Amino acid sequence: GINAEYMGTVKRIIEKFTLNMATSFDLVPYGRMEALYYGDVEDCSELLTYTQQSNANAALLDASLIFDMFQVQCAAYKTLAQKSRNALKTRNVYAELLFNLSESTHIPSGLQRFGASQNTKQILIILFDPTPEQVSDVQSKIRGVSRSLCSLREHANIP
């Protein structure tokens with residue numbers, strides 16, 4: 001059979017390739033997640049207001065708390081699985097994603113801990129099954145520097 005060390009190496013190579021080449025992740029069988037990472041964000045409050053008022057359907061995460069995209073992929077998969085069973089604990093999939101990133105079972109704590117605030121300088125934007133127009137629309141509202149998802153770890157500030 002195939003040994004665990006070999007499979008671990010293959011998994012790391014695939015993950016590295018995925019993170020270097022794409023911002024889109026298939027969460028089979030539930031759909032697709034698009035991730036946009038920006039640093040040096042100016043005035044995150046404008047982006048927060050835009051997403052709340054326009055129903056932009058995006059989760060705005062404080063990227064400084066994300067060490068690896070695998071965290072987000074796991075939370076996203078769990079979120080979409082819960083949605084498929086009509087078992088969301090929050091008002092929508094984007095709030096559920098923030099809640100699923102948290103170790104807390106207290107919904108407001110999870111949303112506050114991982115959600116972006118008006119002072120957030122590094123932002124990770126997550127969209128589920130977006131159209132190219134939705135992605136472009138959100139990108140046009142961001143005043144910051146686009147970064148590779150591979151650099152999340154370099155900019156993480158885990159307390």
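1. **The β1–β2 pairing.** β1 (24–27) and β2 (31–39) run antiparallel and are joined by four bridges. Strands count as paired here if DSSP finds at least two bridges between them. Helices (H or I, at least four residues) and strands (E, at least two) are DSSP runs, numbered from the N terminus. The two strands form a hairpin, with three residues between them. D26 stands opposite R32 in β2.

2. **Basis of the model.** This is a predicted model: local features need pLDDT of at least 70, side-chain atom pairs count only at pLDDT 80 or more, and totals for chains, interfaces and linings use all residues. Residues are numbered from 1 along each chain as its sequence is written, and side-chain values use heavy atoms, with hydrogens and water left out.

3. **Other partners of β2.** Six bridges join β2 to β4, and the two run antiparallel. Y38 has I123 of β4 as its bridge partner. β2 also runs antiparallel to strand β5 (residues 145–146), with two bridges between them. There, Y38 stands opposite S146. β2 is mostly covered: seven of its nine residues are buried. Buried means under 20% relative accessible area, exposed means over 50%, and partly exposed lies in between (1.4 Å probe, protein chains only).

4. **Overall layout.** The protein chain has seven helices and five strands. Along the sequence, their pattern is α-β-β-α-β-α-α-α-β-α-β-α. Of the 159 residues in the chain, 41% are buried. Contact means heavy atoms within 4.5 Å. Among contacts with a separation of 6 or more, 76% involve residues 24 or more positions apart. The chain exposes about 9,100 Å², and carbon and sulfur atoms supply 51% of that area. Accessible areas come from the Shrake-Rupley method with a 1.4 Å probe; for residues, only the protein chains shown count as cover.

5. **Strand β3.** β3 (residues 59–62) includes D62. The strand pairs with β4 in the antiparallel sense over four bridges. The bridge partner of D62 in β4 is I123. Both faces of β3 are covered. A59 and L61 lie on one side, L60 and D62 on the other, and all are buried.

6. **D62 deserves a look.** Is D62 buried or exposed? D62 counts as buried because its relative accessible area is 17%. Leaving aside neighbours within four places in sequence, D62 is in contact with F114, G115, A116, T120 and Q122.

7. **Nonpolar cores.** A nonpolar core is a set of buried Ala, Val, Leu, Ile, Met, Phe, Trp, Tyr and Cys residues joined through side-chain atoms within 4.5 Å. The largest has 26 residues. Those with the most contacts inside it are M33, L61, M69, V72, L124, I126 and F128. The elements that give two or more residues to this core are β1, β2, β3, α3 (69–84), α4 (93–101) and β4 (123–128). Apart from it lies another core, of 16 residues, among them L36, V41, L47 and L127. In soluble globular proteins, nonpolar side chains tend to be buried together.

8. Which residues does V72 touch, leaving aside its neighbours within four places in sequence? V72 is in contact with M33, L61, I66, L97, L101, L124 and I126.

9. **Helix α2.** In α2, C44, L47, L48, Y50 and T51 are buried. These residues cover an arc of only 160° around the axis, so they are on the same side of α2. The arc is that of the directions from the helix axis to the C-beta atoms. The buried residues pack against β3, β4 and α6 (132–140). The face turned away from the buried side carries the exposed residues Q52 and Q53.

10. **S45.** S45 lies in α2 (residues 44–54). S45 counts as partly exposed because its relative accessible area is 22%. The C-alpha atoms of S45 and S117 are separated by 6.9 Å, although the two are 72 residues apart along the chain.

11. **Cysteines.** How many disulfides does the structure hold? The structure holds zero disulfides; the criterion is a pair of cysteine sulfur atoms within 2.5 Å. C44 is buried, with a relative accessible area of 0%. C150 is partly exposed, at 30%.
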